[in-house]
Amino acid sequence: MNEYLRPGRYIDSDHPAVIAFARKHAAGKGPLARGVALYYAVRDGIRYNPFLDFSKEETFQASHCIAAGEGFCIGKAALLAACARAEGIPARVGFADVKNHLTTPALRERMGTDLFVYHGYAELQLEDKWVKATPAFNVELCRRFRVKPLEFDGREDSIFHPFDEEDRRHMEYLRDRGSHADVPVAQIMQTFREVYPVLYGMGDAARVGHPAERFG
């Protein structure tokens, strides 16, 4: 269990910014209340942005998410896990390949697919069991695209809904890639190079994108 409480290279729970963020937002008594409060702080306090430079390791790091004020699913999952560890809650990150049926045409064109490999979420150990928490899409983004924001009560898994508010197909989970004590960045980067050669090769230029495209 110590590996889920120790700082990692990317789940850098000992970073001063992570510690400060966790202390500020971990409201309530007991691990469950604090874990839930941290989930909402990461979900809505850090903007979701899929247009990042995935060739930079810092993109996957918890403390960098705080500094940038934005992140994609893996960075935000790492941040939630790091904040939980900073509060003494065992945490890890999990991954799955998903198909987003509501991906915007612009994002689909840039990625070359509507398949999102290594979609990331956090797993917190609360009340003696592991629960999944997906803090990727901030509530403003969900409202813009009429997708149900993911709620988290600390007792049940919080993963993306298969349908949106208008009963359109939304997220389909295709492949489980397991749970990890830290983000397996080298492995993820290699897969991204293979699946998203255009987007991965854009480097920092990938950051240029209209906010309306940022759904995926």
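Visitor: What percentage of the 216 residues in the chain is buried?

Guide: Buried residues make up 53% of the 216 residues, where buried means under 20% relative accessible area, exposed means over 50%, and partly exposed lies in between, judged with a 1.4 Å probe and protein chains only. This is a predicted model, in which local features need pLDDT of at least 70 and side-chain atom pairs count only at pLDDT 80 or more, while totals for chains, interfaces and linings use all residues. Residues are numbered from 1 along each chain as its sequence is written, and side-chain values use heavy atoms, with hydrogens and water left out.

Visitor: How many helices and strands does the chain have?

Guide: Helices (H or I, at least four residues) and strands (E, at least two) are DSSP runs, numbered from the N terminus. In this chain there are eight helices and six strands, and their pattern along the sequence reads α-α-β-α-β-α-β-α-β-β-α-β-α-α.

Visitor: Which strands pair with strand E4?

Guide: Two strands pair if DSSP finds at least two bridges between them. Strand E3 (residues 91–100) runs antiparallel to E4 and is joined to it by eight bridges, with Phe95 having Gly120 as its bridge partner in E4. Strand E5 (residues 129–133) also pairs with E4 in the antiparallel sense, over five bridges, and there Gln125 stands opposite Trp130. The hairpin of E4 and E5 has two residues between the strands, and in this hairpin Glu127 takes a positive phi near 50°.

Visitor: Within strand E4, how many residues are buried?

Guide: As a general idea, the side chains of a regular strand alternate between the two faces of the sheet. Strand E4 (residues 115–126) is mostly covered, for 10 of its 12 residues are buried.

Visitor: Which residues are linked with Arg43 in a network of salt bridges?

Guide: The network links Arg43, Asp44 and Glu151. Within it, the side chains of Arg43 and Asp44 meet at 2.9 Å, N to O; Arg43 is buried at 5% relative accessibility, whereas Asp44 is partly exposed at 29%.

Visitor: Which side chain joins that of Ser63 in a polar contact?

Guide: A polar contact is a pair of N or O atoms within 3.5 Å; within protein, one must be able to donate a hydrogen and the other to accept it, and residues adjacent in sequence count only if both atoms are side-chain atoms. Ser63, which lies in helix H3 (residues 62–68), has its side chain joined to that of Asp12 by a polar contact of 2.5 Å. Ser63 is buried, with a relative accessible area of 9%.

Methods: A salt bridge is a side-chain nitrogen of Lys or Arg within 4 Å of a carboxyl oxygen of Asp or Glu.
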